[in-house]
Amino acid sequence: MTEGRNSAADGRRASWELELDSMDKRTRFQVNRVDTTNADEGEMQKLTSNPDQDDQPDAADMSTGYDTKYAKSFRHFTREALPRLDNYRNIMSIQAAYRPTLDELHNATVHGKPAQTHLSMPQDGGEGVVKFGWIQGVLVRCLLNIWGVMLFLRLSWVVGQAGIGEAMLLILATSVVTTITAISMAAISTNGEIKGGGTYYMISRSLGPEFGGSIGLIFSLANAVACAMYVVGFCESLTDLLGTYDLSIVDGGLQDVRIIGSITIVILTVIVVVGMEWEAKAQNVLLVILLIAMADFLVGCFWGPIDDEERAKGFIGLSYETLKTNFFSDYREDKDTGVRHSFFSVFSIFFPAATGILAGANISGDLADPQTAIPKGTLLAIVITSASYLGFAALAGGCVERDASGNVTVLEMGGDISVCPEGGCEWGLMNNKQVMELVSVFGPLIYAGCFAATLSSALASLVSAPKVFQALCKDNLYPYISGFAKGYGKNNEPVRGYILTFIIAVAFILIGELDAIAPLISNFFLAAYALINFSTFHASLAKPVGWRPTFRFYNMWLSLIGSVLCISVMFLISWNTALLTLLVVLALYLIVTYRKPDVNWGSTTQAQTYNNALMSVQQLSNVEDHVKNYRPQILVLSGMPSSRPPLVDFAWLISKNLSLMICGHILQGQVPQRARNALSINAQDWLRKHHVKGFYSLIDDLSFENGAKSLMQASGVGKLKPNILLMGYKGSWRECSSQELTMYFDTMHKALDMHLAVAILRVQEGFDYSKVVASNEEVMNGKAAKGIVPIPHSNSTESLPRNQSFSQMSQAASTTSDITPPGSPNPSRSRNSNSPVGPPADVESGNVAEQPAEEKATLAIPQQKRDKEKESSRADLYKGPGGTDLPKEVIHNLTQFTRKQKKGTIDVWWLYDDGGLTLLLPYIISTRRNWSTCKLRVFALANKKDELDTEQRSMASLLSKFRIDYSDLKIIPNVTKKPQESTKQFFDSLISDLTKDKEGEEDSAPISESELLAMKDKTNRHLRLRELLMENSKEANLVVMTLPMPRKGVVSAPLYMAWLETLTRDMPPFLLVRGNQTSVLTFYS
């Protein structure tokens, strides 16, 4: 007892010494408080330095006291890392603290080093970087954009058409749409850190790249068109001002608007390209001008008209009678287009006034605290601008007539100025776009305000569109636009985007008509608003754990109503434009879906996919099984899918678009978790590239038999569980050890004990191509794939990424090599050769346990987007070592189940009634496109020789009721006939080595004489079946036969394998099937 305690104490002491020694050798984990505002270059260098270079502590006697150096930092006493913000940054961020892996904490002998990652220092720009608060960054920008061209040029016309009552209703409807959208946007913006890209960034990270890409392009185009609209508004104001002095360039109308607009957009583009340093200060100046102009209008309303000329033009001052007259609508035809206006047509023209609510969100990367600034600034701006629009509408309708002749003589004579002459009135709310200038005390201030509003809005749109488009291009979601991601200067300005926006804006400016541009902008922005609202609804519906917005005043159903409302308004404004807009969004969505961009942002669509799958599996568990709904769900013991392509292809041939398929991989040795992740990535990548929709399941640290049992017992969930075990035929059954053969044989027994069907597939060329076909990484290197930097092999786990989830690894690594490459048979064997193909040959190789998994795992980190080129055929997916071309014969064998089959037959030897699986599987195969030219031939055994006709009619009737199409039916009458002598000799030679006793051991033969005698009749039956097979099915494309029942305790593994060898040798691809004696076919409807 004392010795045992001393031994245990010595073991613990050794462990402690190892722990302390490892801490003395190197200081692993730093916990530093980082002051990012005052961090100098020296401090950042400390954060990224190698911990091995830290000052080493002096040796101290731990038994007498603490060393003073250890008291300076807690990190010297533990391997653990304290919770720090930097531990949760993404993989590309600079990490001040270094979190240990689970292996390093759990295993005392595992020591890792921080990966030597070359990190570039952030481009902070020093003096050039300015972060805005919620007032300057959001509120002011939103006010400047919402108080734009509509306030000065269109509000009075809206009141004239819709009346004060409907105008207020229209303004409130606009405010409802924008408020709901702002609330939804506030929820998104407060759900995590927001970077540059504004609305596109928020939507793409919430809903995923498909929706994000659509919103990004639509929103960028909408801002480019809005820029044109604001410039056209400026031009109209300027031409009206010039008209008061009888000045014009060409015609004082459309042509002048085009000329002035083109010059203006050129100047604005030059300003944003050259430099935008003055923009922040200029905003305050522009806002002051706007407020002064608005105050000028308010004073003018209460001051009243100054002279009779203003009265003759319709400005009569605040009057209850005028307010009463203008309260109701009076929709009229447009003089230019001849279209009669309605509430929704007026709404479509006014709605762009509200598009400025996203002005603050668009510069999310320049806000000091976007989570606080965006909700507060945007919602307050909506309240202020809505109140101002409502007040201005009421004032304009209360002090200006709808129509006025402008004839002072009529006014002086006491006539009615609202009676228009024959040519129509030129003044009044309906006719004069410069009503605010007429009402104001000092008219030029209104022009100054109009110029400030339109130019500031145009400038903001001209900046927003390229910024959002640049963020979209950086993510490389669409082809041919990556060039616009390049930035210039210290602020990374999207100069190319500015030029593209300039071209788009000029095109719309040449249209010249503001009313023609406004409905387009309305649809673009309404589509953007609809997706913003839908993203909040979708996130609330999916309820991922990561959806935790700090803004609490949102409601998922309110967001859904907002989304539906936006789409409804789109169609009410202009159904054809709305339809076109939705088609464009759909096309952009489908493009991203088809391209499958290599991004993983943890979107709510991924969360919803999980929810849908979980709900479906739960619902499926409540559904009772029925024979009509039977589906062959296959567990195929393939090892790594890339090692045995024909076996995986055959399983996929059955389960394609029909049922579940799981590729089981069994490893004898223990595999670290990061290596398991690498294998999973490699397997899933292979399945994806080969368009096989299956799953990969890895079992390690178990023998083949126990691993197979674990897979059969634990694979799947609910009703989504395998009901068929598919194995490759063990061709090396005579050469392998008896223990290995017994494991293979017992796997069949275990499957049958679990009431699983068993299927064994044999092809003469073998399945294992792990040493013949190059891995995915080698194939890519052979094609000179760009952007792939393989990490070198290493004897430690440093070659694998640390502390990464599967999704993070899937972004960092596209392929890994198989940890346990098994031995490969010669793929060039002829059909007549004996091809040893065993169970997933990780067992047969015998080198799994001896070789560390880390030595065989490699990762390839893509620095750019992986090549997404479509292969011209499946053959192009296979290359030899080094990327060399494989011989045609090897390619032929690899693709034997996926290529188009020549016209032939699938021979079905339905010997015994196993529930119908022997018949169902070949029927499923015959329905596949590449096998559609192969007809079924059914062979069955006769009960009595003299009842052949009855047996034939009975079987034909059964197949007819099962609705199984077949080309030929043959009843075998003489299966009990004595086999030929040559067949007996073949079988005797097959088992000759297995019937001999081992040297010096009596009764040690694998196949005893007593067993041969007891099984003589069954053996003769299988020999006779071989003769029938050679006679009838030698040239078939595929042979399917009922698997002989391996009865427990009756037949040994060697004799049973000899039967299978007798049946399948020198035959076409051969599938042996044994159902679980439960019906899988029915003739009932």
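Start by selecting Lys543, which sits in the loop between helix 19 (514-542) and helix 20 (556-573); helices here are DSSP runs of H or I with at least four residues, strands are runs of E with at least two, and both are numbered from the N terminus. Is Lys543 buried or exposed? With a relative accessible area of 64%, Lys543 is exposed; exposed means over 50%, buried under 20%, and partly exposed in between, using a 1.4 Å probe and protein chains only. Its phi is near 50°, a positive value in a residue that is not glycine. Most residues other than glycine have a negative phi.

Before moving on, a note on what you are looking at. This is a predicted model, in which local features need pLDDT of at least 70 and side-chain atom pairs count only at pLDDT 80 or more, while totals for chains, interfaces and linings use all residues. Residues are numbered from 1 along each chain as its sequence is written, and side-chain values use heavy atoms, leaving out hydrogens and water.

Next, select Asp1066, in the loop between helix 36 (1053-1064) and strand 12. Asp1066 also has a positive phi, about 60°, although it is not a glycine. Here the relative accessibility is 15%, so Asp1066 counts as buried.

Ten strands form an open sheet in the order 3-2-1-4-5-12-11-8-9-10, with mixed pairing; two strands pair if DSSP finds at least two bridges between them. At the edges are strand 3 (695-699) and strand 10, each pairing on one side only. Neighbouring strands are turned by 20° against each other on average, direction ignored; axes are lines fitted to C-alpha atoms, for helices over the stretch in contact, and angles run from 0 to 180 degrees between N-to-C directions.

Select residues 934-941 to see strand 9. How many of its eight residues are buried? Seven are, so strand 9 is largely enclosed by the rest of the structure.

Strand 11 (residues 1038-1042) and strand 12 (residues 1070-1074) pair in the parallel sense over four bridges, with Thr1042 partnered by Val1073 in strand 12. Then select helix 25 (residues 704-714), which lies across strand 1 (634-636), strand 2 (661-666), strand 3 and strand 4 (724-728), running at about 150° to strand 2.

Finally, colour by pLDDT, the predictor's confidence in each residue, from 0 to 100. The protein averages 77, and 78% of the residues score at least 70. Over residues 91-97 the pLDDT is below 50, and this stretch has 22 contacts beyond near neighbours in sequence; contact means heavy atoms within 4.5 Å. Residues 114-126 are also below 50, with 12 such contacts.
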